[in-house]
Amino acid sequence: MPSPALTEDDVLHIVQSFAQVFRGGGGGPVREASLFLPVRTLEGFTPEQIEDTALAALRFFDLDPVAEDGAALERRLRSAAALSDWARILHAAWKGGHVCFYSSGSTGEPVPHRYAMPTLADEADVLAAFFRSRGRIVSVMPVHHIFGFMHSVWLAKWLGVPVIHAPPLPLAGFFTLLRRGDVIMGFPFFWQSLLTVVRQEGRGAALRFPPDVTGVTATGPCPPWVIAGLREPLGDAGAPLAAMLEIYGSTETNGLGIREGGTEWYELYANWETAVLPGGEKGIRRLRKGRATGEPMTLPDVVTWHPSEDRLFRPERRTDKAVQVGGINVYPERVAARIRTHPLVRDCAVRLMRPEEGSRLKVFIVPECPLDEAAEHFGRPFRAWLAENLDTAGRPKRVRIGTSLPVNAMGKPCDWD
């Protein structure tokens, strides 16, 4: 089918997604609750937050803010308070050829990845084959991220179905949105939170799912026990989900494979083929209208290929050492490097919390000051410093102080309580 076009309303959703990220309220750091509230105007934004939002939106639509016409667009955006005006301006200026997504990261410069719309159309055509018999799309994913854009804004156009954008909060209001046949587009942390909610006793019918709802998870591995829990009957209410699909990919590649939740092997998308890398290893290559384009490349993670089925693979571990925090990839080593720039930090280690501890990062700090003075320096002042120097997902929520970094009996870095 001919590639559909983005509407002004689509552009508005994308701009609102950026505004939610940069909103802080009264000039303070971004509050986590603000990420879930709708943004319609720039009231309460600082000049810096307005500038950040404008630059992010321009770059998303492949409009160079440094070029003369891009700089003029930025000035127009910054002078308009209503995001509906931003959407009108950007929609009129966008050439329709490319969009740009950025690799997630806690520190350093995120890496841009520019996609031609025909390339995204190829993947939408592949994705649509899995959902043609479904109803609406209900998305809790930020639409300025590649999977949020592909699985809500773009896929809905190819299917010709409505898309409902909902905050990633599995509260009563979310359940009232759902209808029979819906597809919920989410990420692992959302599904884990939702499972916790539906398992709580005494909730009654208000938090039950309608029949025949499919879940989709992307952005990172979803724990098998979460998928299994969402597919198991809960008393007389039945299973929350009729099916769960897992999508594998990255910002650098977009989607690469899909599998039924809980199964072992992903199947490579039809717009990719297997190929031999220069060193003789098995890799992949993108297809455009059925023809190979570009050079063979490795997958984002270390994978095992099926011994007999050419297009089946199983991810084993990440190669970029990223971890998932609230559906966003963050890099603990980059976070640690940033924290080491604090004048009172001699050394530190950053890890993802264990499941029983939580789902955020934690940091162990060896201070420059004596331990009996550390509590004063690494309480509220240090948390304010973290808020100024790290984004929400990359900000450790638990701080531990000690004279040396934890190591095991072999002298290797280890976890701590």
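Two strands are said to pair if DSSP finds at least two bridges between them; strands (E, at least two residues) and helices (H or I, at least four) are DSSP runs, numbered from the N terminus. The model is predicted: local features need pLDDT of at least 70, side-chain atom pairs count only at pLDDT 80 or more, and totals for chains, interfaces and linings use all residues. Residues are numbered from 1 along each chain as its sequence is written, and side-chain values use heavy atoms, with hydrogens and water left out.

By this rule, strand 11 (residues 282–288) and strand 12 run antiparallel and are joined by 4 bridges. Within this pairing, Ile284 has Met297 of strand 12 as its bridge partner. The open sheet contains 3 strands in the order 10-11-12, with antiparallel pairing. Strand 10 (272–276) and strand 12 (291–297) are the edge strands, each pairing on one side only.

Attention now turns to aromatic rings. Rings of Phe, Tyr and Trp (its six-membered ring) pair if their centres lie within 6.5 Å; planes under 30 degrees apart count as stacked, over 60 as edge-to-face and the rest as tilted. The whole structure holds 20 aromatic pairs. One of them, Phe18 with Phe60, is edge-to-face, with 6.0 Å from centre to centre and 75° between the planes. This pair links helix 1 (residues 8–22), which holds Phe18, to helix 2 (residues 47–60), which holds Phe60, 42 residues apart. Phe60 is buried (under 20% relative accessible area, where exposed is over 50% and partly exposed lies in between, with a 1.4 Å probe and protein chains only), because its relative accessible area is 1%.
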